[in-house]
Amino acid sequence: QVQLVESGGGLVQAGGSLRLSCAASGLNILLYHMAWFRQAPGKERESVAAISRISSSTSYADSVKGRFTISRDNAKNTVYLQMNNLKPEDTAVYYCAGKATTTGKYTYWGQGTQVTVSS
C-alpha cells in the first residue's frame, strides 16, 4: 500500500522559510516522478515543483522559481520542498504526488499540509 505523508507546514511571516517533507512508503521515490502541488481557497490545484525519476531533473512554476527548491533523499525515501522568501500568495494546502510514468496524471497523493504566510 502506497502512502505519501506530508509534514512541515505552518504559519510564517512574509519573507520567512519553511521546509516541507513528503515521506513515502510502498514505493521507491527514485523510480517515480515526484511533485509538489498546492491549492489555495477558491483556486484550482496547481503544480509547484517536480523532480524526475532517476535523473533528478527539476522543474518549477514561474511563480516560485528562485525561491523554492525540490529535492529528495533516496536513503530516507523522502521528498522535500524548501520554500524561501515566502509571500502571502503562497498560502495554500500543499500536496505531494507521485507517478511511475513520464506522461499521464499523478497516481498517488498525500493528504496535504497547510502553509499560511502572513503579511
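1. Overall size. With 119 residues, a compact globule would have a radius of gyration near 14 Å, and the chain agrees with this at 13 Å. The radius is taken over C-alpha atoms, and the globule rule is 2.2 Å times the number of residues to the power 0.38. Along its principal axes, the C-alpha trace spans about 40 × 25 × 25 Å.

2. Basis of the note. This is a predicted model, in which local features need pLDDT of at least 70 and side-chain atom pairs count only at pLDDT 80 or more, while totals for chains, interfaces and linings use all residues. Residues are numbered from 1 along each chain as its sequence is written, and side-chain values use heavy atoms, with hydrogens and water left out.

3. Secondary structure. The chain has 11 strands and zero helices. Its pattern along the sequence is β-β-β-β-β-β-β-β-β-β-β. Helices (H or I, at least four residues) and strands (E, at least two) are DSSP runs, numbered from the N terminus.

4. Of the 119 residues, 43% count as buried. Buried means under 20% relative accessible area, exposed over 50%, and partly exposed in between (1.4 Å probe, protein chains only). Take the contacts in the chain with a separation of 6 or more: residues 24 or more positions apart account for 54% of them. Contact means heavy atoms within 4.5 Å.

5. Surface and charge. The chain exposes about 6,200 Å², and carbon and sulfur atoms supply 48% of that area. Accessible areas come from the Shrake-Rupley method with a 1.4 Å probe; for residues, only the protein chains shown count as cover. There are 12 positive and 7 negative charges, and their mean positions are 6 Å apart. Lys and Arg count as positive, Asp and Glu as negative; His and the chain ends are not counted. Each charge is placed at NZ of Lys, CZ of Arg, CG of Asp or CD of Glu.

6. The disulfide. The structure holds one disulfide. C22 and C96 form it, with their sulfur atoms 2.1 Å apart. The criterion is a pair of cysteine sulfur atoms within 2.5 Å. The link is left-handed, with -75° about the S-S bond. C22 lies in strand β3 (residues 18–25) and C96 in strand β9, so the pair ties together parts that are 74 residues apart in sequence. Both ends are covered: C22 is buried at 0% relative accessible area, and C96 is buried at 0% as well.

7. Positive phi. Most residues other than glycine have a negative phi. I54 is not a glycine, yet its phi is about 65°. I54 sits in the loop between β5 (46–51) and β6 (58–60). I54 is exposed, at 52% relative accessible area. N85 also has a positive phi without being glycine, near 50°. The place of N85 is the loop between β8 (78–83) and β9 (92–99). At 43% relative accessibility, N85 counts as partly exposed.

8. R67 and L86. R67 lies in the loop between β6 and β7 (68–73). R67 is buried, with a relative accessible area of 8%. Leaving aside neighbours within four places in sequence, R67 is in contact with Q82, M83, N84, N85, L86, K87 and D90. L86 lies in the loop between β8 and β9 and is buried, at 1% relative accessibility. Not counting residues up to four places away in sequence, L86 touches V12, A14, G15, G16, S17, L18, R67, F68 and V117. E46 is 40 residues from L86 along the chain, and their C-alpha atoms are separated by 17 Å.

9. A49. This residue is found in strand β5. A49 counts as buried, at 1% relative accessibility. Beyond its neighbours within four places in sequence, A49 is in contact with M34, A35, W36, S59, Y60, I70 and L81. The C-alpha atoms of A49 and F68 are separated by 7.9 Å, at 19 residues apart along the chain.

10. W109. Strand β10 (residues 108–109) holds W109. W109 is partly exposed, at 29% relative accessibility. Leaving aside neighbours within four places in sequence, W109 is in contact with L4, F37, R45, Y95, C96 and A97. One of these contacts, C96, is a partner in the disulfide with C22. W109 and V5 are 104 residues apart along the chain, with their C-alpha atoms separated by 8.6 Å.
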